[in-house]
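Visitor: I would like to learn how to read a structure like this one, feature by feature. Could you walk me through it?

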Amino acid sequence: MKSQPIHPDFDRVLLNEKEIETICKELGAKLNKEYAGKVPTILAVLKGVTPFLTDLSKEFTFYCDYEYVASSSYHGGVVTSNWVEIYLWPRLTLRNKDVLIVEDIVDSGLTIQKIKQKALSEGAKSVKVVTLLDKPEGRKTKFVPDYIGKTIPKLFVVGYGMDFDEKYRNIPYVGVLKPSMINMNPKDYPWKKGE
Ligand code: IMP
C-alpha cells in the first residue's frame, strides 16, 4: 500500500494507515472470540464509521447482519453539544439480538449512551460497543466502550471517516488540522470558494 503525502490542511498524523490496519486486526480477533457461535447485529453509527466498519468487518469470522443508525451532536463545529438527535434507526426490531455498536470516536459519550439505551429498550439480548478512538477526557457520562482501538487526548481529529464541516472523511489516516484551518472564518474555507 502506497501512503499519500500528508494533506496540506493537516498539522500532523495521529494514526497512520498501517496503525489503523493493526488496530482492525487486533479488534477483529477479540470480536471473533466474543461472537463465536453467535449472529450479532452490527449497528453502525453513520456517517463517520464507514471506513472503520469496512476494514474491521473484513476480520470477522462470524455471521452478522448490518443495520445503520445516524445521530448528530456536533453540527459542523469542533465542540460537541449536549443535545443528541437520533434521526435514523433500523426498521427491524433488535429484540433478542446480540447488538454490536460500531463507532468511529467516543467523546462526551452522550451519543453512544443514547443509542445503547435505545437498543436495550427494544429488548436487545446484549449490547456491546467497539470504537476506533476514545477521548475519555471529554466524557460527560460514565460510559466506557467495551472495545477501544486507541485512546487519545482531548483533540479534534479528522480523516478516516471523521469530518470538519463534512470534509476530510476520505483521508485514509487520522490527523489533526492546522490551527489556521480550525480558526478560519467559515466563508474562507477552500471548499466555499466560488459559492
Ligand atoms: P459524543 O456524543 O460527544 O461522544 O460524540 C460522538 C460523535 O461526535 C462521534 O460519532 C463523531 O461523529 C463526533 N466526534 C467526536 N469527536 C470528534 C472529533 O474529534 N472529530 C470529528 N468528529 C468527532
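Visitor: Let me start with D98: is D98 buried or exposed?

Guide: Buried means under 20% relative accessible area, exposed means over 50%, and partly exposed lies in between (1.4 Å probe, protein chains only). D98 has a relative accessible area of 9%, so D98 is buried. This residue sits in strand β5; helices (H or I, at least four residues) and strands (E, at least two) are DSSP runs, numbered from the N terminus. Before we go on, this is a predicted model, where local features need pLDDT of at least 70 and side-chain atom pairs count only at pLDDT 80 or more, while totals for chains, interfaces and linings use all residues. Residues are numbered from 1 along each chain as its sequence is written, and side-chain values use heavy atoms, with hydrogens and water left out.

Visitor: Which side chain does the side chain of D98 join in a polar contact?

Guide: A polar contact is a pair of N or O atoms within 3.5 Å; within protein, one must be able to donate a hydrogen and the other to accept it, and residues adjacent in sequence count only if both atoms are side-chain atoms. Here the partner is S126, and the contact between the two side chains is 2.6 Å.

Visitor: Now the ligand, please. Which residues come nearest?

Guide: A residue is near a molecule if one of its heavy atoms lies within 4 Å of it. There are 17 residues around the ligand, and D107, S108, T111, K135 and V157 come nearest. Strand β5 (98-106) and helix α3 (110-121) each supply at least two residues of this shell, and β5 gives the largest share, four residues.

Visitor: How many residues of the shell are nonpolar, polar and charged?

Guide: For the classes, Ala, Val, Leu, Ile, Met, Phe, Trp, Tyr, Cys and Pro count as nonpolar, Asp, Glu, Lys and Arg as charged, and the others, Gly among them, as polar. The shell has eight nonpolar, four polar and five charged residues.

Visitor: What lies 2.4 Å from an oxygen atom of the ligand?

Guide: That is a polar side-chain atom of T111. A polar backbone atom of G109 is 2.9 Å from a ligand oxygen, and an N or O atom in the side chain of D104 is 3.2 Å from a ligand oxygen. As for cover, the ligand taken alone exposes 490 Å², and the protein buries 91% of that (Shrake-Rupley method, 1.4 Å probe).

Visitor: How many disulfides does the structure hold?

Guide: A disulfide is a covalent bond between the sulfur atoms of two cysteines. The cut-off is a pair of cysteine sulfur atoms within 2.5 Å, and the structure holds zero disulfides. C24 is in none, as the nearest cysteine sulfur, that of C64, is 14 Å away. C24 is buried at a relative accessible area of 2%, whereas C64 is partly exposed at 22%.

Visitor: And the whole chain: how many helices and strands are there?

Guide: The chain has four helices and nine strands, in the order β-α-β-α-β-β-β-α-β-β-β-β-α. Of its 195 residues, 44% count as buried. For overall form, the radius of gyration is taken over C-alpha atoms, and the globule rule is 2.2 Å times the number of residues to the power 0.38. A compact globule of 195 residues would come near 16 Å, and the chain has 17 Å, which agrees. The C-alpha trace spans about 50 × 40 × 30 Å along its principal axes.
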